[in-house]
Amino acid sequence: MTNAATSTAPANAGAVPAPHVFAAVDIGASSGRVMLGRVSPSTGATLETVHRFPNGVVEYDGGLHWDFNALFAEVLKGLAAAASVAAGNGERIASIGIDTWAVDYGLVDASGELVSVPYSYRDERSRSTVARVHAVIPPERLYATTGLQFLQFNTIYQLAAEPTLDGLQALLIPDLIAFLLTGQRRTEATNASTTGLFDAVAGDWAVDFLDALGLPQDIFPPLIQPGETVGTLLPSVAERTGLAADTRVVAVGSHDTASAVAAVPASGADFAYISSGTWSLVGVELDKPVLSEASRTANFTNERGVDGTIRYLRNVGGLWLLSECQRTWAAQGFNQSLPALLDAAAALPHGGPHINADDPAFTAPDNMPERIRAAVRHNGEVLADRPAAVVRCILDSLAAGYARTLADAERLTGRATSVVHVVGGGSQNRLLCQLTADATGKAVIAGPVEATALGNVLVQARAAGVVQGGLAELRQLVAAGTDLTRYD
């Protein structure tokens with residue numbers, strides 16, 4: 001269905017003014033893009049992709065890393081493309097916002113040099129530090145302060161694995177990109193909340209945890225909130241991209257899920273969301289964190305959202321499983337398209353085998369179909385050696401995981417939900433959306449696909465004074481300009 005929202009055009013609107021233009025750098029674990037967002041309070045927000053590029057983990061020096069130099073070069077290419085497209089239309093880019101995945105960082109010395117290739121959260125190095133961290137700060141105390149879901153790759157465990165941090169600062173990936181664009185070091189708050197070193201109630205660093213672990217007090221740069229300005233472009237960046245030197249870099253929800261949730265086209269407060277991509281982030285939006293022991297044992301996280309909201313959610317396995325299967329099958333010479341695979345999977349009967357889609361066994365790459373079949377065998381079941389059967393197992397398992405997680409979220413928060421908004425790439429997967437509606441017993445509203453970039457752009461537009469209001473008003477703009485599909 002197409003969901004119409006109340007128009008935000010002023011009652012005395014005459015000629016529609018030209019929209020303001022913003023650049024969104026939106027990078028996920030497998031790909032990145034630079035998009036132009038055009039925003040008008042009367043017509044809403046539109047996106048134009050001007051540059052796409054691959055991203056992925058590389059093996060280097062015995063570990064799994066991000067090829068950050070290549071990544072930043074693609075960001076500059078994308079910004080140059082954005083400047084060119086805007087200039088060709090007689091437009092001027094007002095600002096740039098950056099969002100990426102969470103927890104990972106680069107170490108920068110006093111002169112601003114990146115001293116090592118940033119590790120990926122998929123590397124195993126932090127597994128051995130978990131017990132050492134918990135010996136100093138018990139898990140119960142960690143959660144009571146940070147409200148953060150336990151994941152062995154959280155930043156706190158990664159920092160504990162560093163051989164030395166003397167004279168260095170850790171810049172989370174979007175903050176590192178912003179630093180290289182502006183020369184200004186800041187830590188955006190939504191991403192800071194994923195580190196395990198952020199006080200969920202105070203909204204500031206947990207200084208006593210830094211002391212307890214022997215981490216420098218200034219290991220992270222000062223905090224900045226979504227909507228605040230990081231800085232303007234360095235002359236060298238302006239020259240290389242063709243952007244004006246006074247182009248601002250504005251902090252947005254730099255954790256991509258924070259930007260995605262800001263663009264959920266909900267019309268009330270009784271909604272749940274699933275940000276569906278490489279990972280699935282499943283939860284509800286709250287005004288304050290839930291730091292109970294029951295919440296900790298259920299492994300829910302309390303992460304910051306835009307406007308100081310709390311994203312109360314749990315990481316569930318995502319479409320990483322499907323994309324990794326496709327990669328393995330392609331290497332084996334099987335290149336059936338995803339739509340054909342989904343059609344074949346949809347034709348299979350209900351009641352097939354399930355796996356625990358967020359089991360750490362599925363975190364690393366390599367031969368995902370066989371690992372899924374092995375997990376099914378471990379459960380005493382059999383999974384046919386056909387791609388369609390594996391795809392159906394993945395999607396059934398994801399939908400069941402979503403339903404369990406949402407039921408737990410309602411129980412732990414005391415908040416009932418009536419609708420589930422699925423945003424991100426998974427909103428295009430009709431089979432997954434229908435299975436989710438069936439498993440949860442709730443209506444599923446799918447879209448927008450590019451929620452992360454929309455949230456990024458709308459926070460910039462509000463910072464520029466182009467649009468007014470809180471999240472409800474931003475979400476109204478999203479709903480007005482998006483074709484949404486309902487599954488019952």
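Residues are numbered from 1 along each chain as its sequence is written, and side-chain values use heavy atoms, with hydrogens and water left out. Because the model is predicted, local features need pLDDT of at least 70 and side-chain atom pairs count only at pLDDT 80 or more, whereas totals for chains, interfaces and linings use all residues. Helices (H or I, at least four residues) and strands (E, at least two) are DSSP runs, numbered from the N terminus.

Two helix pairs were examined. Axes are lines fitted to C-alpha atoms, for helices over the stretch in contact, and angles run from 0 to 180 degrees between N-to-C directions. Helix α1 (residues 68-88) and helix α5 (residues 173-182) have axes that come within 11 Å and cross at roughly 60 degrees. The two helices are therefore oblique to each other; angles under 35 degrees count as roughly parallel, over 145 as roughly antiparallel, 65 to 115 as roughly perpendicular and the rest as oblique. The crossing of α1 and α5 is right-handed, a term that applies if the near helix is turned clockwise from the far one by less than a right angle, with left-handed used if the turn is anticlockwise. On the α1 side, Phe68, Phe72, Val75, Leu76 and Leu79 meet Ile173, Leu176, Ile177, Leu180 and Leu181 of α5, contact being defined as heavy atoms within 4.5 Å. By class, this contact has 10 nonpolar, no polar and no charged residues. In this scheme Ala, Val, Leu, Ile, Met, Phe, Trp, Tyr, Cys and Pro count as nonpolar, Asp, Glu, Lys and Arg as charged, and the others, Gly among them, as polar.

The second pair comprises helix α11 (residues 320-331) and helix α14 (residues 387-413), which pack at an angle of about 165 degrees with their axes 10 Å apart. α11 and α14 are therefore roughly antiparallel to each other, and α11 passes α14 in a right-handed crossing. Leu321, Leu322, Cys325 and Trp329 in α11 meet Pro387, Val390, Val391 and Ile394 in α14. The contact of α11 with α14 has, by class, eight nonpolar, no polar and no charged residues. Helix α14 also holds Gly401, which is buried, with a relative accessible area of 5%. Buried denotes under 20% relative accessible area, exposed over 50%, and partly exposed in between (1.4 Å probe, protein chains only).

A search of the whole structure finds zero disulfides, a disulfide being a pair of cysteine sulfur atoms within 2.5 Å. The sulfur of Cys325 lies 9.2 Å from the closest cysteine sulfur, in Cys393, too far for a bond. Cys433 is likewise in no disulfide, the nearest cysteine sulfur, that of Cys393, being 18 Å away. Cys325 counts as buried at 0% relative accessibility, and Cys433 counts as buried at 1%.

Cys433 is one of the buried residues of helix α15 (residues 430-440), which also include Leu431, Leu432, Leu435, Thr436, Ala437 and Thr440. The cover over these residues includes β15, α12 (338-346), α14, β19 (419-423), β20 (443-446) and β21 (485-487). Just after α15, Gly441 takes a positive phi of about 70 degrees. In helix α17 (residues 471-480), the buried residues are Leu471, Leu474, Arg475, Leu477, Val478 and Ala479. They pack against β2 (31-40), β3 (44-54), α9 (256-262), β15 (271-276), β16 (279-286) and α16 (451-463).

Ile156, in helix α4 (residues 155-160), is buried with a relative accessible area of 2%. Apart from neighbours within four places in sequence, Ile156 is in contact with Val133, Leu142, Thr195, Gly196, Leu197 and Leu213. Gly28, in the loop between β1 (20-27) and β2, counts as buried at 18% relative accessibility. When residues up to four places away in sequence are not counted, Gly28 touches Asn55 and Trp101.

Backbone geometry was also considered. Most residues other than glycine have a negative phi, and most peptide bonds are trans. Val103 has a positive phi, near 70 degrees; this residue lies in the loop between β6 (93-99) and β7 (105-108) and is buried, with a relative accessible area of 6%. Asn367 has a positive phi near 45 degrees and lies in the loop between α12 and α13 (368-378). Asn367 is partly exposed, with a relative accessible area of 31%. The peptide bond from Gly447 to Pro448 is cis, with omega near 0 degrees, and Pro448 is placed in the loop between β20 and α16.
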